[in-house]
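User: Could you take me through this model? I would like to start with the helices and then turn to the strands.

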Amino acid sequence: MAFELPPLPYAKDALQHAMSAKTLEFHHDKHHKAYVDTLNKLTEGTPLASQSLEDVIRATAKDESKLAIFNNAAQAWNHDFFWHCMKPKGGGKPIGDLAARIDQGFGGLDKFLQQFAEAAQTQFGSGWAWLVLENGKLKVAKTSNAVNPIAGHGIPLLTCDVWEHAYYLDYQNRRPDFVKSFLDQLVNWDFVAENLSRHRGAAAA
Ligand code: FE
C-alpha cells in the first residue's frame, strides 16, 4: 500500500508510568492504523497515492471535496509526530537553543508549560495542542479534529493529542491530569529541539 503505519518508536509498555500499554495498543494499532488504512482506500489509483503525507495534507487542506482524505492524511501524520513527541523517562527541561527560545518567547519554561496546558485543556472536543514556529517565533496553538499547522502557517515542533482516545482508558474524563503527565513525564525535548534545529533558517528570523 502507498501509505504505511510506522511502528511506535518504543515498546508499548515503555511509557506505562504515564500512559498504559493498553492505551498505546488501541491508539496505535487501532486508531492510527485506521487512519492509514482509510487513507489508502481513499487515494487508491489517484495521483495522491504517490505523494508524501505532507504533500497530501497541503493539497487537500482547502478543498472541501477532499475533506475525508485530508482528515485521514493529517491524522496519520499527527499520530506519527505525536509518538515521537514522547519518550520513556521524558519530561524534565529543554536545554540549549530550545530552552533559550522558550525563555524568549514565553518568559520562562513554567509560563510556556502553563500556556500549552491551557491550550490542551481548553480545546473544545477532539483536537491537538501544539508548539509551533511561526514567522520565526515560538507560539502555542490548538486545532480541532485533524487540523494541523502544516495546513496553516506554522512549523510543528511539539504536539499533544487531546482526543478522548488518547487518555480515556488511563485518565477517564480527567484531561488536565493527562496533559500534566504528558508535560511532566512524557515530553521528548530532544525531538522538539531537533525539529527546531531542522528549521534553523526560519528560527533565525
Ligand atoms: Fe489520537
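This is a predicted model: local features need pLDDT of at least 70, side-chain atom pairs count only at pLDDT 80 or more; totals for chains, interfaces and linings use all residues.

User: Which residues make up helix α3, and how far does the helix reach?

Analyst: Helix α3 covers residues 67–84, which is 18 residues. From its first C-alpha to its last it reaches 26 Å, close to the 26 Å expected at 1.5 Å a residue.

User: How many of the residues of α3 are buried?

Analyst: The helix is mostly covered, with 13 of its 18 residues buried.

User: At what angle do the axes of α1 and α3 cross, and within what distance do they come?

Analyst: Helix α1 spans residues 21–43, and its axis crosses that of α3 at roughly 145°. The two axes come within 9 Å. The crossing of α1 past α3 is left-handed.

User: Which residues meet there?

Analyst: On the α1 side they include Leu24, His28, Tyr35, Leu39 and Leu42. On the α3 side, Ile69, Ala73, Ala76, Phe82 and Trp83 are among them. By class, the contact of α1 with α3 has twelve nonpolar, eight polar and one charged residues.

User: Trp77 next. Where is it found, and is it buried or exposed?

Analyst: Trp77 is found in helix α3. Its relative accessible area is 12%, under the 20% cut-off, so Trp77 counts as buried.

User: What is Trp77 in contact with, leaving aside its neighbours within four places in sequence?

Analyst: Trp77 is in contact with Leu53, Glu54, Ile57, Trp130, Asn148, Ile150 and Pro156.

User: How many bridges join β1 to β2, and what lies in the turn?

Analyst: Eight bridges join β1, residues 127–134, to β2, residues 137–144. Within that pairing, Val132 has Lys139 of β2 as its bridge partner. The two strands form a hairpin with two residues between them, and Asn135 in the turn has a positive phi of about 50°.

User: And over how many bridges do β1 and β3 pair?

Analyst: β1 and β3, the latter made of residues 155–161, pair in the antiparallel sense over six bridges. Leu131 stands opposite Leu158 in β3, and Val132 stands opposite Pro156 in β3.

User: Why is β1 described as largely enclosed?

Analyst: Seven of the eight residues of β1 are buried, so this strand is largely enclosed by the rest of the structure.

Terms used:
Residues are numbered from 1 along each chain as its sequence is written. Side-chain values use heavy atoms; hydrogens and water are left out. Helices (H or I, at least four residues) and strands (E, at least two) are DSSP runs, numbered from the N terminus. The expected span of a helix is 1.5 Å times one less than its number of residues. Buried means under 20% relative accessible area, exposed over 50%, partly exposed in between (1.4 Å probe, protein chains only). Axes are lines fitted to C-alpha atoms, for helices over the stretch in contact, and angles run from 0 to 180 degrees between N-to-C directions. A crossing is left-handed if the near helix is turned anticlockwise from the far one by less than a right angle, and right-handed if clockwise. Contact means heavy atoms within 4.5 Å. Ala, Val, Leu, Ile, Met, Phe, Trp, Tyr, Cys and Pro count as nonpolar, Asp, Glu, Lys and Arg as charged, and the others, Gly among them, as polar. Two strands pair if DSSP finds at least two bridges between them.
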